[in-house]
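Please read them with the structure open.

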Amino acid sequence: MRGKFRTQLTFALALIVFVTVALISILANTFINMEFEKYAKAQQQSHANDIATNLSRQYNSITGKWNIEYIHGVGMSALYDGYLIRLMDLPGNVVWDAENHDMATCTQVMMDIISRMEKKRPGLSGGFVTQEYDLKPNGQKVGSVAIQYYGPYFLSESDFHFLDSLNLISVIVGSLALLCSVVVGGLLARRISRPIIKTAHIATQIAEGNYKIRFDGTIKSRELDELVAAVNHMAASLDNQEGLRKRLTTDVAHELRTPLTAVASHLEAMIEGLWEITPQRLQSCYEEIGRISGLVADLEQLAKVENENLRLKKSDVDLRTLINTVVGNFETESAKKNLSVSVDGTETHVNADKDRLNQVFANLLSNAIKYTPENGKIHVSIRDMDKNGVVMIEDSGIGIPEKDLPFIFERFYRADKSRSRSTGGAGIGLTIVKSIVSAHGGTIMAGQGGGQGSRFTVTLPKS
Ligand code: ADP
């Protein structure tokens with residue numbers, strides 16, 4: 001069964017604390033009890049020894065008499081502590097015997113100890129044992145004492161009370177720790193689960209098409225912060241994609257509408273007899289249709305490039321040879337405008353798709369020719385760098401305004417719409433160029449040339 005993350009986390013934390021506290025309590029208790037019993041045993045031995053030593057001093061060797069009064073005091077006090085004493089002189093006559101003296105109290109003390117010990121320590125199987133001590137006040141035996149007490153050890157009422165208090169304390173500490181762990185665990189779980197729940201909600205919103213949504217606010221945990229950043233990034237790129245898609249549709253519609261309207265109105269006027277059908281008018285219609293076909297062809301090519309970029313036929317390509325071929329292909333066009341086209345640079349080999357690169361440089365050179373007025377200059381230089389081959393195409397043309405530089409690689413973007421329309425471009429050439437260069441893992445940058453013209457720099461990795 002899948003429970004709530006927060007409950008699971010709280011429960012897990014509480015369980016850990018509970019097990020830890022329980023383990024500590026049990027171990028501490030066992031250890032304390034063991035030590036206490038050891039201490040009680042040692043204490044009993046030493047107490048019995050003390051009694052024997054004390055009694056041995058009560059014999060007067062000069063008179064040969066025992067100090068019965070004192071012995072009685074010691075014996076009665078020992079009796080209340082759980083020790084039954086029988087003192088005998090050297091010949092073995094009883095001098096003082098607790099049982100003879102106060103049978104009732106003796107029985108009472110013994111019963112008390114037995115019932116207490118059997119109740120509190122049922123597994124101990126103890127009983128009263130007797131220990132004999134010789135009384136030798138000056139190294140010479142004057143008698144003996146038999147001390148009877150509960151063995152292997154016995155604990156008084158207050159000893160048991162002390163041990164019970166310890167147990168109670170560990171139970172209280174355990175309960176408090178458990179309570180604290182539930183509260184702290186709950187708070188912690190809430191802190192962790194809140195951003196996760198919020199992120200899940202945002203992801204659902206994104207799935208439903210709300211790409212504008214973002215997670216704002218700070219998160220203290222690094223992993224969660226990374227998760228949130230990834231979701232925000234995904235939303236941003238989907239938003240961007242969505243924007244591009246919408247713009248592509250409106251742009252295509254817009255690009256097609258202008259020439260279509262022109263052709264339609266011209267033809268309509270001719271059909272209705274408002275316009276005389278002349279070869280010039282038909283030519284104008286033909287040109288407009290040509291523009292539409294060009295646009296469709298451009299779009300087709302872009303789609304093809306974007307699809308096929310995944311399947312590059314790479315081989316060793318010398319950029320200088322390639323550039324010379326492309327420049328050669330444009331010789332007639334550049335000659336028409338009397339442009340001087342120069343190439344410099346060394347042999348530079350890159351691993352690339354030759355046909356695609358041909359298209360890249362053909363587009364760039366065609367633009368350079370298109371946007372450079374008559375008698376201008378175009379210069380192409382090739383540089384063999386450490387890991388890359390770099391091609392720079394500079395022209396002395398009209399240049400690209402600074403504000404347009406970030407956008408010229410986008411579909412249908414034209415720095416000067418009206419002017420570019422007359423040159424026939426639809427603003428797709430550079431999009432194709434960038435797509436091919438990126439597919440090769442390279443980069444393309446546009447900027448201002450040495451003069452007022454433009455400069456395009458293509459960097460292609462060698463491998
Ligand atoms: P187009 O078909 O309009 O030439 P491109 O994608 O090739 O489309 O170029 C986009 C725009 O970038 C052009 O419309 C033009 O404004 C500008 N541009 C590209 N190359 C040059 C250049 N060499 N000199 C000046 N402007 C350029």
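1. A polar contact here is a pair of N or O atoms within 3.5 Å; within protein, one must be able to donate a hydrogen and the other to accept it, and residues adjacent in sequence count only if both atoms are side-chain atoms.

2. Some ground rules. The model is predicted: local features need pLDDT of at least 70, side-chain atom pairs count only at pLDDT 80 or more, and totals for chains, interfaces and linings use all residues. Residues are numbered from 1 along each chain as its sequence is written, and side-chain values use heavy atoms, with hydrogens and water left out.

3. For Asn367 the distance is 2.8 Å. For Lys370 it is 3.2 Å. The protein buries 98% of the 530 Å² that the ligand exposes when taken alone (Shrake-Rupley accessible areas, 1.4 Å probe; for residues, only the protein chains shown count as cover).

4. Which elements give two or more residues to the shell around the ligand? They are α10 (354-370), α11 (417-423), α12 (429-439) and β13 (454-461). Helices (H or I, at least four residues) and strands (E, at least two) are DSSP runs, numbered from the N terminus. Helix α10 gives the largest share, three residues.

5. Asn367, Tyr371, Ala415, Leu430 and Ser454 come nearest.

6. The chain is divided into domain 1 (2-163), domain 2 (222-305) and domain 3 (311-461). These bounds come from an automatic or database domain assignment. The C-alpha centres of domain 1 and domain 3 lie 105 Å apart.

7. Now the four-stranded sheet. It is open, ordered β4-β3-β6-β5, with antiparallel pairing (at least two DSSP bridges between two strands). Strands β4 (94-97) and β5 (127-135) are the edges, each pairing on one side only. Neighbouring strands are turned by 15° against each other on average, direction ignored. Axes are lines fitted to C-alpha atoms, for helices over the stretch in contact, and angles run from 0 to 180 degrees between N-to-C directions.

8. Strand β3 (residues 84-89) pairs with β4 over three bridges, in the antiparallel sense. Leu87 has Trp96 of β4 as its bridge partner.

9. Helix α1 (residues 5-56) touches β3, β5 and β6 (143-151), its direction making about 155° with that of β6. Helix α4 (residues 103-120) also touches β3, β5 and β6, but its direction makes about 35° with that of β6.

Note on methods: Contact = heavy atoms within 4.5 Å. Near = heavy atom within 4 Å.
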